[in-house]
Amino acid sequence: MVAPLNIVAVRSLIPKRRFGTEQVEQAFMHWLADRPEDERIKARRILRNSGVDTRASCLSMEEIFTPATLTESSGRYRRNAVELGVRLLRETLESAAIRPQDVDILITTSCTGFMIPSVDAYMANELGMRSDLVRLPVTQMGCAAGASALMYAAEMLRGRPGGVAAIVNIELPTNTIQLGDFSMANIVSTALFSDGLGCTILRNGGEPGVARIDGWGTHQVTDSLELLGYQLTTGGFLMHLDPTLPEVIATHFLAAVSSLLTRTNLTIEDIAHFAIHPGGVRILDRIESILARSNRDARLSRETMRNHGNMSSSTVIVILERLLASRPAPGKALLMSFGPGFGTHQLLLTLGRDD
């Protein structure tokens with residue numbers, strides 16, 4: 001009999017600096033003070049219609065909107081990623097009554113900074129983890145890494161009965177804002193993104209956890225490489241968001257879901273709970289219009305977006321944490337995130353006992 005892959009703990013860490021709508025809009029418009037009035041009007045409309053009420057950052061508002069060199073922003077990323085990442089991993093392991101020395105696999109995800117040694121090496125050193133720890137830093141999967149890192153951990157644990165994997169998502173996009181770029185893509189991403197971290201602990205076998213992983217998969221969209229991505233320029237990370245992205249996701253959503261569910265003879269009507277990376281309001285609107293046909297919704301995705309913004313790979317873990325905290329009825333759940341390439345990454349979960 002194959003041992004279950006159990007999720008034994010899920011936690012998030014949101015930086016203490018929180019900014020409300022009025023404060024963000026004031027700073028936003030000050031940044032765009034010298035732009036043509038029509039651009040300022042459009043930018044204000046984008047910000048107000050972003051679906052985000054509160055944003056968090058590891059930086060002060062002054063730091064966010066003060067130009068920084070790549071060296072300076074990289075230093076800020078390194079300091080905050082290590083400090084916050086170590087704290088969250090320690091707290092999550094403690095909540096699961098697992099010692100750092102008992103972790104076999106450590107995976108970290110981040111698309112908002114770059115450092116060598118990678119942040120997982122600092123975590124292993126700070127927490128005294130084993131010398132044979134398997135480490136995997138995931139840096140180029142974008143928002144999709146929230147789901148894909150869980151997939152990687154599940155694959156790696158299948159050959160380790162009793163093994164434990166820890167995944168830490170560290171995203172600090174407010175440290176990457178390009179203040180000299182006034183393109184609509186940069187204005188949209190500046191309006192949407194916010195800082196946040198997530199952590200998940202998995203175990204192969206043992207006592208049931210908060211959820212069980214039943215399966216996973218991906219769905220890649222052909223000829224879609226230019227829809228979404230980051231370019232590392234001399235000034236830092238330059239975001240690209242194609243305006244057709246919501247329609248592409250809507251077009252391929254059901255095919256992506258079906259590619260996973262049909263393996264276990266399930267349909268979308270069999271899924272009781274959804275933890276879907278929100279991306280943006282337009283994407284959420286299209287996804288919810290599809291789910292509504294089956295009397296389902298992405299309510300938690302929208303609430304998380306409103307309260308925390310888009311935290312890239314961390315977002316779907318924050319949604320999963322909220323779902324589990326809501327004491328959901330036992331049943332199947334679908335966790336899904338989207339990312340550059342372009343494609344979807346998804347996992348089928350069971351919440352509660354299904355026997």
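## Buried residues and a helix pair

Let's start with a cysteine: Cys199 has a relative accessibility of 0%, so this residue counts as buried. Please keep in mind that the structure is a predicted model.

**Cysteines**

How many disulfides does a search of the whole structure find? The search comes back with zero. Cys199 takes part in no disulfide, and the nearest cysteine sulfur, that of Cys111, is 18 Å away. Cys111 has its closest cysteine sulfur in Cys143, and because 5.9 Å lies between the two sulfurs, they are too far apart for a bond. A disulfide would need the sulfur atoms within 2.5 Å. Cys111 is itself buried, at 11% relative accessibility.

| Residue | Relative accessibility | State |
|---|---|---|
| Cys199 | 0% | buried |
| Asn186 | 3% | buried |
| Asn204 | 6% | buried |
| Cys111 | 11% | buried |

Asn204 belongs to strand β7, which covers residues 196-204. What lies 3.3 Å from a polar atom of the Asn204 side chain? The backbone oxygen of Arg160 is found there. Setting aside neighbours within four places in sequence, Asn204 also has contacts that include Ala3, Pro4 and Leu5, as well as Leu157, Pro161 and Gly163.

Asn186 sits in helix α7. Once residues up to four places away in sequence are left out, Asn186 touches Trp31, Gln178 and Asp181.

**Helix α1**

Trp31 brings us to helix α1, which spans residues 21-31. Which residues of α1 are buried? They are Val24, Glu25, Ala27, Phe28, Met29 and Trp31. These buried residues pack against several elements: the strands β2 (17-20) and β3 (54-57), and the helices α2, α3 (61-64) and α7.

**How α2 meets α7**

Two of those partners, α2 and α7, also pack against each other. Helix α2 covers residues 37-48 and helix α7 covers residues 184-192. The crossing of α2 past α7 is right-handed.

From the α2 side, the contact is made by Lys42, Ala43, Ile46 and Leu47. From the α7 side come Met184, Ile187, Val188 and Ala191. Seven of the residues in this contact are nonpolar, one is charged and none is polar. As for the spacing along a helix, an α-helix has 3.6 residues a turn, so residues three or four places apart point the same way.

How values were computed. Residues numbered from 1 in each chain as written. Predicted model: local features only at pLDDT ≥ 70, side-chain atom pairs only at ≥ 80, totals over all residues. Heavy atoms only, no water. Axes fitted to C-alpha atoms, helices over the stretch in contact; angles between N-to-C directions. Helix = DSSP H or I, 4+ residues; strand = E, 2+ residues; numbered from the N terminus. Left-handed = near helix turned anticlockwise from the far one by under 90°. Contact = heavy atoms within 4.5 Å. Nonpolar A, V, L, I, M, F, W, Y, C, P; charged D, E, K, R; others polar. Buried < 20%, exposed > 50% of the residue type's maximum accessible area, 1.4 Å probe, protein only. Polar contact = N/O pair within 3.5 Å; in protein donor to acceptor, adjacent residues only side chain to side chain.
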